[in-house]
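Open the model in your viewer and keep the sequence panel beside it. This tour goes stop by stop: select, look, move on.

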Amino acid sequence: MMQHNPIPNTPKVEVRRLSKMFAEPGSVKHTVALSDVSLTIGPQEIVCLLGPSGCGKSTVLRVVAGFEQASDGSVLVDGQVVTGPGPDRGVVFQEQALFPWLSIYQNIIYGPKIRNQPRETYEALADQFIGIVGLRGFEQHFPHELSGGMKQRVAIARVLMNSPEVLLMDEPFGALDAQTRSTMQEWLLAFWQTSPRAALFITHDVDEAIFLGDRVYVMTARPGSIKLERTVNLPRPRTLDMLTSHYFMDIKREILNSIRAETNAAGALPLVF
Amino acid sequence: MQVDHGVKEAALATPGQPAFLDSILLRVGLVLRALALPTVFILVWQLAAVSGYLPPRMMPSPVKVAETAFDFVLGNSNSPGAYAFSGSFAKHAWVSTLRVAQGFSLAVLAGVTLGLVLGISRTIERFVDPILQVIRPIPITAWLPLSIMWFGLGHRATLFLIFLGAFFPILINTVTGVKIVDRRLIEAAEMLGTRRGQLFYRILLPAALPSILAGLRIGLGFAWVCLVVGEMTGVGTGLGSAIADARELFRVDLIIVCMLLIGLIGYTSDRLVVYSLRRALRWSPTLFR
């Protein structure tokens, strides 16, 4: 269980020299997924993690979430070692992972309900969140009746209902079309603005990372480690025209080059035939 | 909800007509379409019988089958060759249905329970599964002599066979149902604060339910199959034993009647199973119809 008396000046989330190996079942062979990854997330900071495919970005998130154990190194939240998953670190998966047998409303209230909180404490909040995610009228619908964007909003509401101090989002908008993705990014930022909290946002979309993040980390190819860290000095609230500013382009160029170098090093497709 | 309304209007055959009338017409249409081919088949059959192509001993005409059916169900000693089967449908049907119900219930209890255990615990599965996989392919007919030796001629032997027939499909579908539960659902549940003990009936069970239902339906089908085999153990009553007796008396018409009646009752029982789980599965996009 997490203790909630953070020592001042410590980051909210601290990943210290994290290494992760996956053993193949029934053999001695190991795959080194992560090698000496270090990053921090401040209490009101959105940190974006970028990198080529297969570099282990999701693994970092999964260790912070508590779904995987570190092979070496440590992951600390509020100075405490992470031992397992919990509602203080809300996770939004790329495939939503909504419970298909529960209605939208039942999905959203699942957290408080399963922890036996009295109904009065969460009913009003759930109603509020349904409004925030723009799904009024859909409370009794089932997940399969909703579009991808709508489902992702339900997933976010479901997580926010538990007042998590850390938001972990694993390519949440990856499966959405470009328009929906853009709308969701703006919506997420607008909401985050009202109650800022620590967030780790995994993505392979450089624009998205810079647009959303206060800081951006770029990972190397597998075995993944941190290659580059860049602070995004754009003011909040972010606006769309920032996407085409010179400053934005400079950061983007730097990051793109960095990622491209990694992808090439990992043996990418030939470009000259 | 404007869009929904528009779609509904487009689906109506005659826009402006009240929705419920349309649904009745739809139902009638479905029934008519279902009856089309059987009607053609019966007409061809009757023609063949009347014109002498079908030897009456081998294959009676549909009219004769219908006569026998009425007699079997309603009982009417005026029919030529009134016999012990007249009006005995109720008795036989009741006994058979009871046997299937009992055998199937036992199979559901054993199959779902064991299936859940095996699906969750890989360790236990490694111990138990190999034996089951060897026993499973043994056809029910091969179990017949052993069943009679163990349980004697009669009711219990039949129940055992029905149980066996239904057990394996239910077991396998339950195990599969548990195993294919998306890992991410379990992770999401843990993340939201679900304790280990709650995971089972909050997540695993509902997620596995569609597969379990599929297993129940297949198992029920097998149960009816095994009923007929089982009732040939010399139980004396039941639609299956009626078929066996009818065979010895060369009453092909009665055989056909019993087969059709078993089919009808079997179909009804399947609908009952689907209906009873409909509420628990109304969320499924592929709800069994």
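Helices (H or I, at least four residues) and strands (E, at least two) are DSSP runs, numbered from the N terminus. This is a predicted model: local features need pLDDT of at least 70, side-chain atom pairs count only at pLDDT 80 or more, and totals for chains, interfaces and linings use all residues. Residues are numbered from 1 along each chain as its sequence is written, while chains are lettered from A and ligands numbered from 1 in the order in which they are written.

**Stop 1: helix α8 of chain B**

Select B:Gly193. This glycine follows α8(B) and has a positive phi, near 105°. Now step back into the helix. B:Leu185, B:Ala188, B:Ala189, B:Glu190 and B:Met191 of α8(B) are buried. Buried means that 20 or more other C-beta atoms lie within 10 Å of the residue's own; exposed means 12 or fewer, partly exposed is in between, and C-beta atoms are placed from the backbone. What do the buried residues of α8(B) pack against? They pack against α1 and β6 (89-92) of chain A, together with α9 of chain B.

**Stop 2: the contact between the chains**

Show both chains. The contact takes 14 residues from chain B and 20 residues from chain A. Two residues are in contact if their C-beta atoms, placed from the backbone, lie within 7 Å. On the side of chain B that touches chain A, α8 (183-191) and α9 (196-230) of chain B each supply at least two residues. The most comes from α8(B), with six residues. Colour that side of chain B by class: seven residues are nonpolar, three polar and four charged. Here Ala, Val, Leu, Ile, Met, Phe, Trp, Tyr, Cys and Pro count as nonpolar, Asp, Glu, Lys and Arg as charged, and the others, Gly among them, as polar.

**Stop 3: the four-stranded sheet of chain A**

Select β1, β2, β4 and β5 of chain A. They form an open antiparallel sheet in the order β2-β1-β4-β5. β2 (30-41) and β5 (80-81) of chain A stand at the edges with a single partner strand each, so one side of each has no neighbour in the sheet. Two strands pair if DSSP finds at least two bridges between them. β1 (residues 13-23) and β4 (residues 72-77) of chain A pair in the antiparallel sense over five bridges. For one of these, pick A:Val13: its bridge partner in β4(A) is A:Val77.

A:Gly26 sits in the loop between β1 and β2 of chain A. This glycine is exposed, with 6 other C-beta atoms within 10 Å. A:Asp36 is in strand β2 of chain A. Its phi is positive, about 60°, although A:Asp36 is not a glycine. A:Asp36 is partly exposed, with 14 other C-beta atoms within 10 Å.

**Stop 4**

Move to β9 (215-219) and β10 (226-231) of chain A. They form a hairpin with six residues between them. Five bridges join the two antiparallel strands. A:Val216 has A:Arg230 as its bridge partner in β10(A). In the loop between these strands lies A:Pro223. The peptide bond from A:Arg222 to A:Pro223 is cis, with omega near 0°. Follow the chain to A:Pro237, in the loop between β10 and α8 (246-265) of chain A. A cis peptide bond joins A:Arg236 and A:Pro237, with omega about 0°. Most peptide bonds are trans.

**Stop 4: the largest nonpolar core**

A nonpolar core is a set of buried Ala, Val, Leu, Ile, Met, Phe, Trp, Tyr and Cys residues joined through C-beta atoms within 7 Å. The largest has 126 residues; among the members that touch the most others are A:Val47, A:Leu200 and B:Ile162. Helix α7 (residues 155-179) of chain B gives the most to this core, with 15 residues. Centre on B:Ile162. Its contacts include B:Phe104, B:Ala223 and B:Leu227, not counting residues up to four places away in sequence.
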